[in-house]
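Open the model in your viewer and keep the selection tool at hand. We will go from stop to stop.

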Amino acid sequence: MTGESDPVRADGGSESEVDRIAELAKRRGFFTQTADVYGGVGGFYTYGPHGTALKDSVEESWRDLFITRQGNMEVDAPTILPEAVFEASGHLEIFDDMILECSECGATHRADHLVEDTTDIEEAESLPPEEVAELVAGHDIGCPTCGAALAGEPVGEFNLMFETNIGPGTAAPGYLRPETAQGIFVEFPQLAEYARNQLPFGVGQVGRAYRNEISPRKALVRVREFSQAELEQFYDPETDEPPLSRVADVGLPLYSVEQQRENGDLRELTVREAVDNGVIESEWIAYYLGLSLSWYESIGVDMDRFRYRQHLPGELSHYAADCWDAETEIGGDWVEVTGFADRGSYDLDRHAAHSGESFSVFKQYDDPVTVERPTVDPEMSELGPAFGGAAEAIADALAERARRDPDAFDEEVVTVEANGDSYEVPVEHTGFAIEEVTESGEHVTPHVVEPSFGVGRLVYTVLVHAYREDEVDSESRRYLAVPPAVAPTTVGVFPLMDRDELPDYAREVAGRLREAGLSVTYDETGAIGRRYRRQDEIGTPFCVTIDYDTLEADTVTVRERDSTAQVRVPVGDLADTLRRLRDGDTEFDQL
Ligand code: GAP
């Protein structure tokens with residue numbers, strides 16, 4: 001199970017919305033299938049110039065809110081990590097999807113998707129493979145590629161990680177990370193130091209993740225290489241609370257497990273109500289749902305096509321105790337764009353057990369206290385000869401095991417993991433004891449709440465939700481109503497005509513605006529109406545035209561994309577006016 005929910009079907013919706021965006025995306029440089037000249041490769045897309053600019057804007061705005069404004073740290077880990085990381089994280093064992101191969105044409109399909117696409121069943125992912133095989137047979141499902149009957153084909157498990165070798169030979173297998181998160185978890189001991197061991201603290205990362213999806217589909221929705229913006233919020237479950245009052249009054253469109261089972265209606269609750277009524281169990285999840293809501297709107301998600309849906313028990317990833325997804329509606333389907341998961345101490349516990357290192361934080365008490373504590377004092381004269389070079393690591397692992405699980409020392413032999421191997425140590429050589437000690441603090445293994453944003457799915461949502469058609473001057477027009485703050489280009493600069501001093505002046509204005517930090521496209525080709533249409537289609541919110549009045553009076557025309565209204569602005573005020581319009585500090589109709 002990948003933990004990625006399949007889109008829950010919504011009523012109606014039009015496929016053509018998706019087709020229109022695919023066509024526009026290619027023609028206008030948002031995204032296109034990779035290596036098209038060689039027939040393309042499934043599940044890989046290349047962002048063109050405007051797509052890259054839009055994606056960068058979404059990532060920058062995410063960074064601003066989730067890193068800078070929350071006082072969190074950001075890291076940048078490698079995309080390839082050694083096998084030990086994914087043994088510990090559980091991905092090697094459990095990160096599987098159900099695969100079914102058509103024996104007629106050899107095409108492979110995601111078995112649970114076949115069932116969900118052809119029946120009313122929405123949670124096939126949570127069923128055992130044998131049951132899914134029965135459903136395929138029972139519903140006479142045919143191969144989407146060749147039409148042959150799939151009844152009787154076995155349903156297997158397929159691990160989604162891309163495997164590689166680190167260095168020559170096969171001695172050091174590595175995997176392309178299926179989530180950016182593990183690059184953060186494995187560095188936790190160091191990150192806690194950087195945070196001066198003060199919980200709570202958050203660590204974020206924006207970067208690529210890779211999943212060898214069985215059936216990539218719907219453009220950027222299900223691909224094999226994609227960007228995630230993830231935040232790991234580390235906190236002490238006993239004492240740390242989020243700053244809930246900052247978002248307490250935000251109204252959340254919630255689709256809880258209960259509502260999914262009962263009536264299928266959304267329920268609007270404020271963050272405070274959702275926590276007080278127990279609809280959202282984790283205050284940290286509630287905080288991030290509240291914080292994120294206006295951010296989605298700010299990047300251009302249509303909030304009438306948005307909801308927070310709680311995972312059904314069978315959908316939860318192997319590491320999650322609870323999870324709420326932000327979902328957007330695209331072409332009649334609900335698509336998960338973000339998972340807000342309660343990962344508890346799963347990851348830090350696993351990495352502690354597998355590495356033998358401490359993945360806890362030392363919390364200082366106000367005053368020292370006397371308590372009973374399990375301790376070990378391993379007999380190295382026994383461990384050395386028995387375990388050789390691993391003895392030191394085993395001693396550390398024993399100390400960690402005694403702290404986390406003292407009952408393990410009730411047996412004659414205690415098993416610990418060290419350096420990736422499992423060792424059995426006779427208890428009599430561990431020096432295990434319960435001692436009364438005066439302590440100045442305690443080791444706490446933090447819990448983690450993780451908002452994990454899929455950048456590509458957000459970019460795709462923004463494009464689909466921004467698409468508009470209308471009529472201007474009796475001509476049909478297509479435009480993207482993306483918010484100025486994230487638009488690929490903020491301003492198009494045109495000379496009214498390609499003659500006299502107009503182009504030189506326009507180029508000079510464009511240069512000045514670029515110097516002022518604005519993203520500018522200069523265009524002098526074709527009729528002015530066509531130039532406006534080009535910019536409308538890529539979502540440029542403002543166009544500046546240099547005409548003969550400019551030469552006389554040093555004013556330019558500024559045209560707003562959505563209303564097509566125009567005002568004259570002095571050239572000297574232009575950069576500042578456009579910057580304020582982009583940043584939402586002023587409205588166009590106030591000019
Ligand atoms: N670290 C948690 C995690 O990776 P996830 O729900 O599997 O959780 C997080 O993925 C987000 O990554 C999803 O909400 C989705 O937006 C994006 N995502 C996951 N698989 C994807 C795929 N194959 N193609 C595009 N985006 C994907």
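In which loop does Ser474 lie? Select Ser474 and look to either side: the loop runs between β22 (467-472) and β23 (475-480). Before going further, note that this is a predicted model.

**Stop 1**

Is Ser474 buried or exposed? Ser474 has a relative accessibility of 68%, so it counts as exposed.

Now select Ala35. This residue sits in the loop between β1 (31-33) and β2 (45-47). Phi of Ala35 is near 55°, again positive in a residue that is not glycine. Ala35 is partly exposed, and its relative accessible area is 38%.

**Stop 2: a cis peptide bond**

Select Leu199 and Pro200 together. The peptide bond from Leu199 to Pro200 is cis, with omega near -5°. Pro200 belongs to the loop between α8 (188-194) and β10 (201-210).

**Stop 3: aromatic rings**

Show the aromatic side chains. How many aromatic pairs are there? The count comes to 26. Begin with Trp62 and Phe66, a stacked pair with 5.4 Å from centre to centre and 20° between the planes. The planes must be under 30 degrees apart to count as stacked. Where do these two sit along the chain? Both are in helix α2 (residues 49-68), and because they are four residues apart, about one helical turn separates them. Trp62 and Phe66 are both buried.

Phe453 is buried, as is Trp62.

Ring pairs join Trp62, Phe66, Trp295, Tyr296, Phe306, Tyr308, Phe340 and Phe453 into a cluster.

**Stop 4: charges over rings**

Select Tyr47 and Lys55. The charged end of Lys55 sits over the ring of Tyr47, 5.6 Å from the ring centre. Next, select Tyr479 and Arg477. Here Arg477 lies over the face of Tyr479, 3.9 Å from the ring centre.

**Stop 5: the ligand**

Which residues come nearest? Of the 23 residues around the ligand, they are Glu179, Arg211, Glu213, Glu230 and Glu336.

- Glu213: a polar side-chain atom lies 2.8 Å from a nitrogen atom of the ligand.
- Val223: a polar backbone atom is 2.9 Å from a nitrogen atom of the ligand.
- Gly454: a polar backbone atom is 3.3 Å from an oxygen atom of the ligand.

On its own, the ligand has 550 Å² of accessible area, and the protein covers 98% of it. Colour the elements that give two or more residues to the shell: β11 (225-235), β16 (333-344) and β21. Which element gives the most to the shell? That is β16, with five residues. By type, the shell residues divide into six nonpolar, seven polar and 10 charged.

**Stop 6: helix α17**

Finish at helix α17 (residues 528-538). Its buried residues are Arg531, Tyr532, Arg533, Gln535, Asp536, Glu537 and Ile538.

Note on methods: Residues numbered from 1 in each chain as written. Predicted model: local features only at pLDDT ≥ 70, side-chain atom pairs only at ≥ 80, totals over all residues. Heavy atoms only, no water. Phe/Tyr/Trp six-rings, centres within 6.5 Å; stacked < 30°, edge-to-face > 60°. Buried < 20%, exposed > 50% of the residue type's maximum accessible area, 1.4 Å probe, protein only. Lys NZ or Arg CZ within 6 Å of the ring centre and 35° of its normal. Near = heavy atom within 4 Å. Polar contact = N/O pair within 3.5 Å; in protein donor to acceptor, adjacent residues only side chain to side chain. Areas by Shrake-Rupley, 256 points an atom, 1.4 Å probe, with all protein chains shown as cover. Nonpolar A, V, L, I, M, F, W, Y, C, P; charged D, E, K, R; others polar.
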